[in-house]
Amino acid sequence: MRSIHRTLALAGTITALGIPIAANAQSPAPSPTHDPNSVWVEIAGQATEHGCDRCTPDGRSYFVGGSTWGGNDVTTDGSFLVVNAGSSEVWHTGEYAEPIARWGMKGTGPGQFDFERDPATTDGLAFGGVAASPLGAPYGKVYVADSGNQRVQEFDHDGGFIRQWGGKGTDDGLFMDPIDVAVGPTGLVYVVDDVRDDIQVFSVEGGFLSKVGGHGAADGQLDHAGSVFVGPDGTLYAADSGNDRVQAWGPDGTFLWSLGSTGIADGQFDHPSDVGVDTQGNLYVVDRHRLQIFGPDRTHLATWTAPVTTDADALRSGVVGHDDYVYVDSPYGGPDSTLAYHLLVHWPRS
């Protein structure tokens, strides 16, 4: 799914391409004040407001992060994959933030990244996507949308480079701004491009297969899609940010439906940035300061309002884990007046 921005406080060492690297040992940023009746549980190194059933032994909630984070995913075992766009790295950590692997540096070679997007055609912000394949145990292959290099790179879960594909262009198999990547249940790779306004589908080996989308506002067209997600049944979903809607396609690329319109009422959207589906078929849409939930029939079920108040604090993304836990990011101003990020989590809907 789309980006998740978080603040990391890890100790010890982690391994990147076999080289020990000292972990970031910064202290966790203080928490904003939350409504005690809120459904949100903060993942920022502080004790949760409501308790949780996935806490560290000392009762603290777990968290992952760094600075200027890009894309994210949760693997089948509950560990996290995150893109650190600021340092041009990918991090793989356990569900309690214990380090597993860290790899990458800025550059154009294999295993290197450039997440600084082209200011001539995009907003120029650093961004990239990452996704874990559901195939393989306990970890599958890792795919990274290397935005600034207009390519996708494939790794094993320890950061071992396997292959890359793409290049700058508008022909099939090329990219202008690959902003997010997802992997379907059969291992097919889906890449959404913020400039091309399409979603390209690739084989496990990176061969171009098909595409959906194209710029516009008609059914099946996109306008600056924020993210891509593939459900357990192979249904393809996109947060169509510029058109204030969510769209879905069948596994064969057939357009299925469009949900939403411009607005702030329940069932409406204001530049939705991410979308996900749980194992029950419930649809989750990240939309500014809230997360909206829809049933399998797309009936609005609930709206979770985040404990943030300004556009600078707007939610950036969310991800539905394989355990149906919903993880949502929320930035806030840190004590040094710089923008810090933390992760919020909500346990499965009852």
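This is a predicted model: local features need pLDDT of at least 70, side-chain atom pairs count only at pLDDT 80 or more; totals for chains, interfaces and linings use all residues.

Biologist: Which ring does Phe229 go with, and how far apart are the centres?

Modeller: A search of the whole structure turns up 12 aromatic pairs. In one of them, Phe229 and Tyr237 have ring centres 6.3 Å apart and planes at 45°, so the pair is tilted.

Biologist: And Tyr237, buried or exposed?

Modeller: Tyr237 is buried, with a relative accessible area of 10%. The cut-off for buried is under 20%.

Biologist: Which residues form an aromatic cluster?

Modeller: Trp103, Phe113, Phe115, Phe155 and Phe161 form one aromatic cluster.

Biologist: OK, zooming out. How many helices and strands does the protein have?

Modeller: There are 0 helices and 26 strands. Of the 350 residues, 57% count as buried. The accessible surface is about 13,300 Å², and 52% of that belongs to carbon and sulfur atoms.

Biologist: How does the pLDDT look on average?

Modeller: The average pLDDT is 74, and 63% of the residues score at least 70. Over residues 1-68 the pLDDT is below 50, though that stretch has 204 contacts in the model beyond near neighbours in sequence. Residues 332-342 also stay under 50, with 31 contacts beyond four places in sequence.

Biologist: Good to know. Now sheets: what is the order of the strands in the one with E20?

Modeller: The order is E20-E21-E22-E23, in an open sheet of 4 strands with antiparallel pairing. Strand E20 (274-277) and strand E23 (300-305) are at the edges with a single partner strand each, so one side of each has no neighbour in the sheet. From one strand to the next, the twist averages 20°.

Biologist: How many bridges pair E20 with E21?

Modeller: E20 and E21 pair over 4 bridges, in the antiparallel sense. Val275 stands opposite Val285 in E21. The two strands make a hairpin with 5 residues between them, and Gly281 in the turn has a positive phi of about 90°.

Biologist: Which way do the residues of E20 point?

Modeller: Asp274 and Gly276 point one way, Val275 and Val277 the other way, and all are buried.

Biologist: And what joins E21 to E22?

Modeller: 5 bridges join strand E21 (residues 283-287) to strand E22 (residues 290-294), and the two run antiparallel. For Leu283, the bridge partner in E22 is Phe294.

Biologist: What's in the loop between E22 and E23?

Modeller: Arg298 is found there. Its phi is positive, about 70°, although Arg298 is not a glycine. Arg298 counts as partly exposed, at 32% relative accessibility.

Biologist: How many bridges link E13 and E14?

Modeller: Strand E13 (residues 189-193) and strand E14 (residues 198-202) pair over 5 bridges in the antiparallel sense. Val192 has Ile199 as its bridge partner in E14. In the loop between E13 and E14 you'll find Asp197, with a positive phi of about 55° although Asp197 is not a glycine.

Biologist: Is Asp197 buried or exposed?

Modeller: Asp197 counts as buried, at 3% relative accessibility.

Biologist: Last one: where is Asp219, and what does it touch?

Modeller: Asp219 lies in the loop between E15 and strand E16 (225-230). Asp219 is exposed, with a relative accessible area of 54%. Leaving aside residues up to four places away in sequence, Asp219 touches Arg245, Gln247, Phe255 and Ser258. Asp219 and Ala248 are 29 residues apart in sequence, and their C-alpha atoms are 9.7 Å apart in space.

Note on methods:
Residues are numbered from 1 along each chain as its sequence is written. Side-chain values use heavy atoms; hydrogens and water are left out. Two strands pair if DSSP finds at least two bridges between them. Axes are lines fitted to C-alpha atoms, for helices over the stretch in contact, and angles run from 0 to 180 degrees between N-to-C directions. Buried means under 20% relative accessible area, exposed over 50%, partly exposed in between (1.4 Å probe, protein chains only). Accessible areas come from the Shrake-Rupley method with a 1.4 Å probe; for residues, only the protein chains shown count as cover. Contact means heavy atoms within 4.5 Å. pLDDT is the predictor's confidence in each residue, from 0 to 100. Rings of Phe, Tyr and Trp (its six-membered ring) pair if their centres lie within 6.5 Å; planes under 30 degrees apart count as stacked, over 60 as edge-to-face and the rest as tilted.
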